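This briefing covers a sheet and its helices, the aromatic pairs, and two further helices. Please read it beside the sequence and the model.

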Amino acid sequence: MLGAAIGEQKLALGADLEKAVEKSTEEWRASAKIRKLWRKDKSVWTNDDENKWLGWLDSPAKADIADYEDYTHRVKGQNFTDAVVLGMGGSSLGPEVLAETFPKKSGFPKLHVLDSTDPAQVRAMEKKVDLSKTLFIVSSKSGGTTEPNVMKDYFFERVARTIGADKAGHRFIAVTDPGSSLEKTATKQGFARIFHGDPAIGGRYSVLSPFGLVAGRDRRHRRAQPSIHHTLSMARSCGADVPPHENPGVQLGLAMGLAGLEGRDKVTILSSKKIADFGAWAEQLIAESTGKDGKGLIPIDGEPLGDADAYGDDRFFIDLRTEGENDTAHEAKLDALEKAGHPVVRIVVKSIEHIGQEFFRFEMATAVAGAVLGINPFNQPDVEAAKVKTRELTAAFEKSGALPAEKPVISTAEADLYTDEANADSLRKAGADGTLASWLKAHFSRIHADDYVALLAYIERNAAHIDALQSARLAVRDDRHVATCAEFGPRFLHSTGQAYKGGPDSGVFLQITADDPKDLPVPRPEGELWRDQGGASARRFRRIDRARPARAAGPSEGRSHKWPEIAR
């Protein structure tokens, strides 16, 4: 009965992987692992602190629908034209899926998400909205993440100028864990409302908690309860009493984890038009949960589906579409992938109203995959280390007013190129000389079979730049037959960055930065001003987000300063 209420899932895994999944399924049944998981038994994973991070299992059932409905009516009554989520990672990617998936309902504000400190992107958001009629949702579990705090400081000052300092706080809402620094700030500045998250839920698992549901209530064109009802159907289908072979989350997770152990660790997510943004949320969930200790799965989102001969033997495909979205050419390509021996999972979502089911299915699957891989899927050691470094460098900049100077290894009319000296020597031996092309050619010559290439751009995330990165990634994929990632900073640092730093040693990285012609001053609570420039900060803070080297000879990372026509 429950199966009829959830989206269909079909796994075509190939004989060997299918046999491995069957064996593991029986092991999970015999050892009652799914029941142990629901009992929050950390022995399912590494016996670390996993039991402290399983609040997401109960979050759909605990959702306070009446409170969200009351909040929704209050927001509607204030005639806001726009609502802007200021957050990073798990605090922003779930709301972004809702913003991109659900149409605006008349009488409710249009939902936007800002997860960048790039000045051009901040200015673009400011131009989109009427500050006198905009609600800002500051979303941060810890309350100490630099980017949302910077964004809050900037827009709070702008709103205060627009409607008056005594009224500014009424246009802000905080979503944060109890006792956080953000809660203290929100109380001091008179925010209209503070929603508390569950400290037992990590950021990337928080979409079905207030971090997703608060923003979702500003956007949804129907009441919250039907969506939660659909989500609960999936939670029950993945429940403790559902045998592993009938459990959709367990089956997907076993397949993902076992495929990763066999070398198919590039989880390639294909999402249809109606739910196109789902992969951006899923890639964070998978990357931060599994990419650590030199292990993990590398999620590939947004890479257009190609012919079977474009791919190596390291792929695991997950295709999602809603009922009624039929694409004959797309289906033919999926069939060709199956025939070529690639594992293909097909998921048919009943409607966009059922998107909560997929959030839960993927959360369960990722937790199960973590158990298969032998890691703790609920920590993020490299992301936390990066946050600490960010705060240290920001504090040093505020004190001295300057960042460490850097010298490019080559400066051309197209771009400046930065890397450390050891890496530069290695690239010169590989043929790098006086041209930018030679350096890039030497860098990309390091790509081996089963590697992946990540283009990481600290620039405004707009249509033109997205298209340019997409053109570049496809050129690399089709020429080298490797998986590709196209990401924007600082957003990716709170998403796939964990896997790039702590995951498999198979990444080749190119960072692209640009100095913005007009920086933005950010008011600090103490009354001082400091500047967070997206491109320059990324360039000068590059050691915050150094990805792991792909080759022992030296870091497989280069950084091109200014915005070259990289698609060439």
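A residue counts as buried when its relative accessible area is under 20%, and as exposed when that area is over 50%. By that rule, Phe136 and Phe172 are both buried. The model is a predicted one, and the points below are grouped by topic.

**The five-stranded sheet**

- Five strands form an open sheet in the order S3-S2-S4-S5-S6, and their pairing is parallel.
- The edge positions belong to strand S3 (110-114) and S6; each has a single partner strand, so one side of each lacks a neighbour in the sheet.
- On average, neighbouring strands of this sheet are turned by 20° against each other, direction ignored.
- Strand S4 (residues 134-139) pairs with S5 in the parallel sense, over four bridges. Within S5, Ile173 is the bridge partner of Ile137.
- Strand S5 (residues 172-176) also pairs with strand S6 (residues 193-196), again in the parallel sense and over four bridges. Here Ile173 has Arg193 of S6 as its bridge partner.
- A right-handed β-α-β unit is made by S5, helix H10 (residues 181-188) and S6.

**Helices on the sheet**

- Which strands does helix H6 touch where it packs on the sheet? Helix H6 (residues 90-101) touches strand S2 (82-86), S3 and S4, and its direction makes about 145° with that of S3.
- Helix H8 (residues 146-163) packs on the sheet as well, with S2, S3, S4 and S5 as the strands touched. The direction of H8 makes about 155° with that of S4.

**Aromatic pairs**

- The structure holds 23 aromatic pairs.
- One of them joins Phe136 and Phe172: the ring centres are 5.1 Å apart and the planes stand at 15°, so the pair is stacked. Planes under 30 degrees apart are what counts as stacked.
- This pair links distant parts of the chain, with Phe136 in strand S4 and Phe172 in strand S5, 36 residues apart.
- Tyr154 and Phe155 form an edge-to-face pair, with 5.1 Å from centre to centre and 85° between the planes.
- Tyr154 has 8% relative accessibility and therefore counts as buried. Phe155, with a relative accessible area of 0%, is buried too.
- One aromatic cluster is formed by Trp38, Trp45, Trp56, Tyr205, Phe360 and Phe378.

**Helix H16**

- Helix H16 (residues 355-373) has 19 residues, which at 1.5 Å a residue should span 27 Å; its end C-alpha atoms are 27 Å apart, in agreement.
- Is H16 largely enclosed or exposed? Of its 19 residues, 19 are buried, so H16 is largely enclosed by the rest of the structure.

**Helix H20**

- The buried residues in H20 are His465, Ala468, Leu469, Gln470, Ala472, Arg473, Val476 and Arg477.
- Their cover includes strand S8 (298-301), strand S9 (315-322), strand S13 (452-458), strand S14 (483-488) and strand S15 (507-513).
- His481 follows H20 and has a positive phi, near 60°.

Key: Residues are numbered from 1 along each chain as its sequence is written. This is a predicted model: local features need pLDDT of at least 70, side-chain atom pairs count only at pLDDT 80 or more; totals for chains, interfaces and linings use all residues. Side-chain values use heavy atoms; hydrogens and water are left out. Buried means under 20% relative accessible area, exposed over 50%, partly exposed in between (1.4 Å probe, protein chains only). Helices (H or I, at least four residues) and strands (E, at least two) are DSSP runs, numbered from the N terminus. Contact means heavy atoms within 4.5 Å. Two strands pair if DSSP finds at least two bridges between them. A crossover is right-handed if, with the strands pointing away from the viewer, the path from the first strand over the helix to the second runs clockwise. Axes are lines fitted to C-alpha atoms, for helices over the stretch in contact, and angles run from 0 to 180 degrees between N-to-C directions. Rings of Phe, Tyr and Trp (its six-membered ring) pair if their centres lie within 6.5 Å; planes under 30 degrees apart count as stacked, over 60 as edge-to-face and the rest as tilted. The expected span of a helix is 1.5 Å times one less than its number of residues.
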